[in-house]
Amino acid sequence: MASLDRVKVLVLGDSGVGKSSLVHLLCQNQVLGNPSWTVGCSVDVRVHDYKEGTPVEKTYYIELWDVGGSVGSASSVKSTRAVFYNSINGIILVHDLTNKKSSQNLYRWSSEALNKDLVPTGVLVTNGEYDQEQFAENQIPLLVIGTKLDQIHETKRHEVLTRTAFLAEDFNAEEINLDCTNPRYLAAGSSNAVKLSRFFDKVIEKRYSLRDSNQIPGFPDRKRFWGGTLKGLHYD
Amino acid sequence: MSFLIDSSIMITSQILFFGFGWLFFMRQLFKDYEVRQYVVQVIFSVTFAFSCTMFELIIFEILGVLNSSSRYFHWKLNLCVILLILVFLVPFYIGYFIVSNIRLLHKQRLLFSCLLWLTFMYFFWKLGDPFPILSPKHGILSIEQLISRVGVIGVTLMALLSGFGAVNCPYTYMSYFLRNVTDVDILALERRLLQTMDMIISKKKRMAMTRRTMFQKGEVHNKPSGFWGMIKSITTSAPGSENLNLIQQEVDALEELSRQLFLETADLHATKATINIVFDRVGKTDPVTRGIEITVNYLGIQFDFFYAISSSKSSNVIVLLLAQIMGMYFVSSVLLIRMSMPLEYRTIITEVLGELQFNFYHRWFDVIFLVSALSSILFLYLAHKQAPEKHMTP
């Protein structure tokens, strides 16, 4: 079991958008029966076949880290959350299609995760304005997922989907819109499943083509105790 | 003529307060949500406006601003409106929004919210019976009856909060400053947290692989749900299923541990931040900014609790509850303030509020304050005792 090579994907978004339901759906192919508020971080693992159907097919474990919280928290809470943002290989940004604010907050969420090394200097933080350059030179693959699609009325669907298309373009990412309580949106062979598969493949490629150097260029590694001392230990 | 001038002054100030309430609602309470029901925002701002106006009237009373007869008129008016809001409007809408969240009752929500409101009124009325608040000469639906009941609830709430605050504040400050939090402590705790996460991950990897092989072999994993599920799982259980359930239990325990560690880390970070700001270790800022930073940091922790318990469904109900509590709090403040005012200013409050037994309220406040403070001491002592035990378990 590959316990040393990890592929770590963060799942970020406002409270109540459906991150836990989404992660449960992605990892266990089942609908989450009793969603409850996430304290800290909850992790789940998805078994993913890289390049499925080709001769170079290989199975990887993808860790989905679902970090709870609010993007407007105090700086001390943000520094606590920052412990989970180390060596990430991909980010899934989740927003609620029925709540415009959650979509707007995605800019701040992505800034928080990508700029984890900038210590939040004070409580009077800037508004997290959208910085085009930051996303242009970003090497970490992003995916935007919109939830609660079933609650959007037919007539408003077009308007909502246009808005989310612009959002995904800003992040230079693919987008998927679904309802986490209905597994058919991610049924095998559907376009959503293909996009998801492509995203995970991209994450794995970015991760393993840089296997020799421990750093992803552009993001200096913060020294962590566990990285050095626990390399030889297995937890079973 | 002077009445018109006075009224226009009052109305302008009320509009100002209304605006403040509106802004506060948008910027703080509903920062992360979309406002879909504007009625909630209006009700909140109106309650806020009328509560502030009451205090404004007290100040005007003391300063002697405005004509005394117009003051009296506005007092009565204000009181009537606030009571109407607190007893009729807000409870009704709370019931309405609670019922709207329940899918089953969606069709007849008006009917059910009326029922809920009637239940509320019944208990509200019954509340007044055991208390010696009134002389029996007043009718049923008079202002005195309503105020007395609202006053009791509000005073109880104030006393509870004050008692808790009186104990909690010094305790928090002491724990912030006596505990010397170093970076090494924080890093050690974070390392434990990440270790726990790693353990959870490796177990989940095993579960995922087991599920995959079971799926490929054609076995189906039935989670033992309900009574019959458990009976079935005893008789016909594939070894894979059993294994999974065992690992799942271990994972649940580890996840609980990770949550505890996360909360402790958050606490340490908050302590460190406050210490840094207060002792001016980080950056040179002037005392005013420092003061603001401390308050906002503290409030930030409070607001996080609010955000935590609210979600897009319950946010309306919570804001309305907040408005209700705020209104009751303000009304009882007026009642209690009467004690601290010199005799010449008490007259108008006594006139307006009628013949309430004010002494009762003061004694009631003292009793509840004492009870609340003692139980907070007990609670904090117990909580403190639990914490060092947690640190000792590996």
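Trainee: In this predicted model, does B:Y122 count as buried, exposed or partly exposed?
Mentor: The model is predicted, and the values that follow are computed from it. The relative accessibility of B:Y122 is 49%, and a residue must be over 50% to be exposed and under 20% to be buried. B:Y122 therefore counts as partly exposed.

Trainee: What is the geometry of the ring pair formed by B:Y122 and B:F123?
Mentor: Over all chains, the search of the whole structure finds 17 aromatic pairs. In the pair of B:Y122 and B:F123, the ring centres are 5.6 Å apart and the planes stand at 70 degrees. Planes over 60 degrees apart count as edge-to-face, so this pair is edge-to-face.

Trainee: Is B:F123 buried or exposed?
Mentor: The cut-off for an exposed residue is over 50% relative accessible area. B:F123 has 54%, and therefore it is exposed.

Trainee: Which residues of α4(B) are exposed on the side away from its buried residues?
Mentor: The buried residues of α4(B) are B:S113, B:W117, B:M121 and B:F124. They cover an arc of only 85 degrees around the axis, so they lie on the same side of α4(B). Their cover includes α3 (68–101) and α5 (143–178) of chain B. The exposed residues on the other side are B:L111 and B:F123.

Trainee: How far apart are the end C-alpha atoms of helix α4 of chain B?
Mentor: Helix α4 of chain B runs through residues 109–127, which is 19 residues. At 1.5 Å a residue it should span 27 Å, and the separation of its end C-alpha atoms agrees with this: 27 Å.

Trainee: How many helices does chain B have?
Mentor: Chain B follows the pattern α-α-α-α-α-α-α-α-α-α-α-α along its sequence. Chain B has zero strands, and its helices number twelve.

Trainee: Of the contacts in chain B with a separation of 6 or more, what percentage is accounted for by residues 24 or more positions apart?
Mentor: Of the 394 residues of chain B, 42% count as buried. The accessible surface of chain B comes to about 21900 Å², and carbon and sulfur atoms hold 70% of it. For the contacts with a separation of 6 or more, the share from residues 24 or more positions apart is 76%.

Trainee: What kind of aromatic pair do B:F365 and B:F369 form?
Mentor: Both residues lie in helix α12 (residues 358–392) of chain B, four residues apart, about one turn of the helix. B:F365 counts as buried at 18% relative accessibility, whereas B:F369 is partly exposed at 27%. Their rings are 6.2 Å centre to centre with 20 degrees between the planes, and the pair is stacked.

Trainee: Over which ring does the charged end of B:R149 sit?
Mentor: In chain A, the charged end of A:K8 sits over the ring of A:W65, 4.1 Å from its centre. In chain B, the charged end of B:R149 is 4.4 Å from the centre of the ring over which it sits, that of B:W125.

Trainee: Which residues of chain B does A:E63 touch?
Mentor: A:E63 lies in strand β3 (residues 58–67) of chain A and counts as buried at 1% relative accessibility. Beyond four places in sequence, A:E63 touches A:R6, A:V7, A:K8, A:V9, A:V43 and A:D44, and from chain B, B:I201 and B:K205.

Trainee: Which residue of chain B is in contact with A:G40?
Mentor: A:G40 is placed in the loop between α1 (19–28) and β2 (41–50) of chain A, and it is buried, with a relative accessible area of 4%. Leaving aside neighbours within four places in sequence, its contacts include A:D66, A:V67, A:G68 and A:F84, together with B:F262.

Conventions. Residues numbered from 1 in each chain as written. Chains lettered and ligands numbered in written order. Predicted model: local features only at pLDDT ≥ 70, side-chain atom pairs only at ≥ 80, totals over all residues. Heavy atoms only, no water. Helix = DSSP H or I, 4+ residues; strand = E, 2+ residues; numbered from the N terminus. Expected span 1.5 Å × (residues − 1). Buried < 20%, exposed > 50% of the residue type's maximum accessible area, 1.4 Å probe, protein only. Arc of directions from axis to C-beta. Contact = heavy atoms within 4.5 Å. Areas by Shrake-Rupley, 256 points an atom, 1.4 Å probe, with all protein chains shown as cover. Phe/Tyr/Trp six-rings, centres within 6.5 Å; stacked < 30°, edge-to-face > 60°. Lys NZ or Arg CZ within 6 Å of the ring centre and 35° of its normal.
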